[in-house]
Amino acid sequence: MLSCLIVSFLVAQGLFNQAPPGVEDTLRERVKKFYEADIAGKKEDAVKFVTAGDRDGYRKADRRTAKSFEWNQVTWGEDFKTAKVVVNLALSGDDAPPFPLPEASNWRLEKGEWVWYLPPRK
């Protein structure tokens, strides 16, 4: 019984969902470069971080105008080859101070590099 409680606690804490060394750092760096280009309005720089099949969709999408972003969390997929990343975008209105808005994005490893992708519609 006690072992079940300990395992449940560890799972709740995400200790069994820790990426191998270097994997999260590599993902964070790619996410950072993507959002920096996206926020700066440099879509053609940002699109370099988008999987080839989703580049047209990314270019056509309406993107919010954010002032900055902050890493929030990552949820790893199977074998740490996919990830759902949540960042907080700092948005602001005309005279309003910036407020955080969470945005989730999907990432996967392709040819050893993390790329942003749109999940298939169900």
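**Hairpins, a buried Asn and some salt bridges**

Mentor: Let's start at a turn: β1 and β2 make a hairpin that has 5 residues between them, and D79 in that turn has a positive phi of about 60 degrees. Keep in mind that this is a predicted model.

Trainee: How do you know that β1 and β2 pair?

Mentor: Pairing takes at least two bridges between the strands. β1 and β2 have 8 bridges, in the antiparallel sense, so they qualify as a pair.

Trainee: What about β3 and β4, in which sense do they pair?

Mentor: Antiparallel, over 5 bridges. N106 has Y117 in β4 as its bridge partner. The β3 and β4 hairpin has 2 residues between the strands, and K111 takes a positive phi there, near 50 degrees.

Trainee: Let me pick on N88. Why is N88 called buried?

Mentor: N88 has a relative accessible area of 18%. Buried means under 20%, so N88 goes into that class. N88 sits in strand β2.

Trainee: What makes the N88 and N72 side chains a polar contact?

Mentor: The distance is 3.3 Å between the two side chains, and the cut-off is within 3.5 Å, so the pair passes. Leaving aside neighbours within four places in sequence, N88 also touches S68, F69, E70, P100, L101 and P102, along with N72.

Trainee: Which residues touch the most other members of the largest nonpolar core?

Mentor: L27, V31, F34, V85 and W107, out of 23 residues in that core. The elements that give two or more residues to the core are α2 (23-39), β1 (68-76), β2 (82-91) and β4 (113-117). For the whole chain, buried residues make up 29% of the 122 residues.

Trainee: Now the charges. What makes K33 and E29 a salt bridge?

Mentor: Their side chains come to 3.9 Å, N to O. The limit is within 4 Å, so the pair gets in. Both are in helix α2, and being 4 residues apart, they are separated by about one helical turn.

Trainee: Why does K33 count as partly exposed?

Mentor: K33 has 39% relative accessibility. That value falls between the 20% for buried and the 50% for exposed, so partly exposed is the label. E29, at 36%, is partly exposed too.

Trainee: Are D45 and K48 buried or exposed, or something in between?

Mentor: K48 has 55% relative accessibility, and exposed means over 50%, so K48 is exposed. D45 has 33% and is partly exposed. These two form a salt bridge, with the closest N and O atoms 3.5 Å apart, and as the limit is 4 Å, it therefore qualifies.

Trainee: How far apart are the closest N and O atoms of D56 and R59?

Mentor: 3.5 Å, and the pair is a salt bridge. Salt bridges that share partners join E44, D56 and R59 into one network. D56 and R59 both lie in helix α4 (residues 55-60), 3 residues apart, about one turn of the helix. R59 is partly exposed at 35% relative accessible area.

Trainee: How many salt bridges does a search of the whole structure find?

Mentor: It finds 8.

Note on methods
Residues numbered from 1 in each chain as written. Predicted model: local features only at pLDDT ≥ 70, side-chain atom pairs only at ≥ 80, totals over all residues. Heavy atoms only, no water. Core = buried A, V, L, I, M, F, W, Y, C linked by side-chain atoms within 4.5 Å. Buried < 20%, exposed > 50% of the residue type's maximum accessible area, 1.4 Å probe, protein only. Polar contact = N/O pair within 3.5 Å; in protein donor to acceptor, adjacent residues only side chain to side chain. Contact = heavy atoms within 4.5 Å.
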